[in-house]
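Trainee: Could we walk through this protein model together? I would like to learn how its parts are described.

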Amino acid sequence: MPPRLPPLSALRLFEAAGRHQSFKRAAAELHLTPSAVSHGIVGLEQTLGVALFTRSPQGLTLTPEGVDYLAYVTEAFSLLLTGTRRLPTPDASRAIAITCAPTLASRWLLPRLDMFMRRMPGVDITVDTSRRQVGFPTDGFDFAIRLSRAPVASDTWHRLFGERFVPVCSPAYLAMHAREDGTVDLREATRIHVSSASEDWQVWAEGAGIDDFDTRGGLSFDSIQLAFEAAMAGLGIVIGRRPLVDEYLATGTLVPAHDVTTQSQGAYWLISAPDIEPHPECVAFRNWVIEQAGTHQGE
């Protein structure tokens, strides 16, 4: 008698838990409790008669059998999703699902999104700003916009623009701490850091040719937007990341605290799912984002 396939719901729990190496993160993605994910995995292991995870105080890891099985389960879900996405819809259109870094979404994508919606009326758009690795096509996204240092040799990756770094602060902070040349002595200032950013004060200092500048200390926040808001509140100086900070500079909410601007090592990339070509709305969105990136000044 051939073996029976496990329930699809249990395999979905396993795929998410295996990808995240965490019951908690899998539960958050699937809108379940960690306990429900854990019980579902235990039931799957009992059905298969194989341990898929090693549980320890240090965390969750896949067993060798789990690693092998995850590859097959991931491929199976990818095939199912690809086949489902290729089915025609009644109106020959569907929603576009995008995952984007939070601050880029709020400071760059959203202010422009109405232009695309006017160009393609009737197309539903979903924007996800969770910070997680995306698995195409399993996660159901059509596009991801991510910051990456290294280009990927793939026709699904399109470079949008790099960031330019300039220290910025509130006008009040500048007025209080400015020297005669109108800039702030960064050695004496309170520096605001972004703990989640791979490039921050150290990269700016290296690009500016400043080698005797201790970039440590000050305030630290886990998001770029919160760091910007701390600077706007007059708490110190933050690395302004253009184009994310452009609107604040244009309105004078933040002002340059130093006259040196440096180029980031990374760039924002638009990554497309491999099966978007049959969907004209997705092709239109890809072309529109690349078009918008091309209009960005100071790339």
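Mentor: Gladly! Let us begin with a term: a nonpolar core is a set of buried Ala, Val, Leu, Ile, Met, Phe, Trp, Tyr and Cys residues joined through side-chain atoms within 4.5 Å. Buried means under 20% relative accessible area, exposed over 50%, and partly exposed in between (1.4 Å probe, protein chains only). The model is predicted, with local features needing pLDDT of at least 70 and side-chain atom pairs counting only at pLDDT 80 or more, while totals for chains, interfaces and linings use all residues. Residues are numbered from 1 along each chain as its sequence is written, and side-chain values use heavy atoms, leaving out hydrogens and water.

Trainee: Where does the largest nonpolar core lie?

Mentor: This core has 39 residues, and I96, L104, F143, L160 and F285 have the most contacts inside it. Domain bounds here come from an automatic or database domain assignment. Both domain 2 (98-161 + 267-295) and domain 3 (163-266) give residues to the core, so its place is between domain 2 and domain 3.

Trainee: Which residues of helix α8 are buried?

Mentor: Helices (H or I, at least four residues) and strands (E, at least two) are DSSP runs, numbered from the N terminus. Helix α8 spans residues 224-232, and the cover over its buried residues includes α5 (102-119) and β9 (237-242). The buried ones are I224, Q225, A227, F228, A230 and A231.

Trainee: Which residue does R55 stand opposite in β2?

Mentor: Two strands pair if DSSP finds at least two bridges between them. Strand β1 (residues 53-56) and strand β2 (residues 59-62) pair in the antiparallel sense over four bridges, forming a hairpin with two residues between them. Opposite R55 stands L60.

Trainee: How many disulfides does the structure hold?

Mentor: A disulfide is a covalent bond between the sulfur atoms of two cysteines, and here it is counted when the two sulfur atoms are within 2.5 Å. For C282, the nearest cysteine sulfur, that of C100, is 16 Å away. The number of disulfides in the structure is zero.

Trainee: Why does C282 count as buried?

Mentor: Think back to the cut-off for buried, under 20% relative accessible area. C282 counts as buried because its relative accessibility is 0%.

Notes. Contact means heavy atoms within 4.5 Å.
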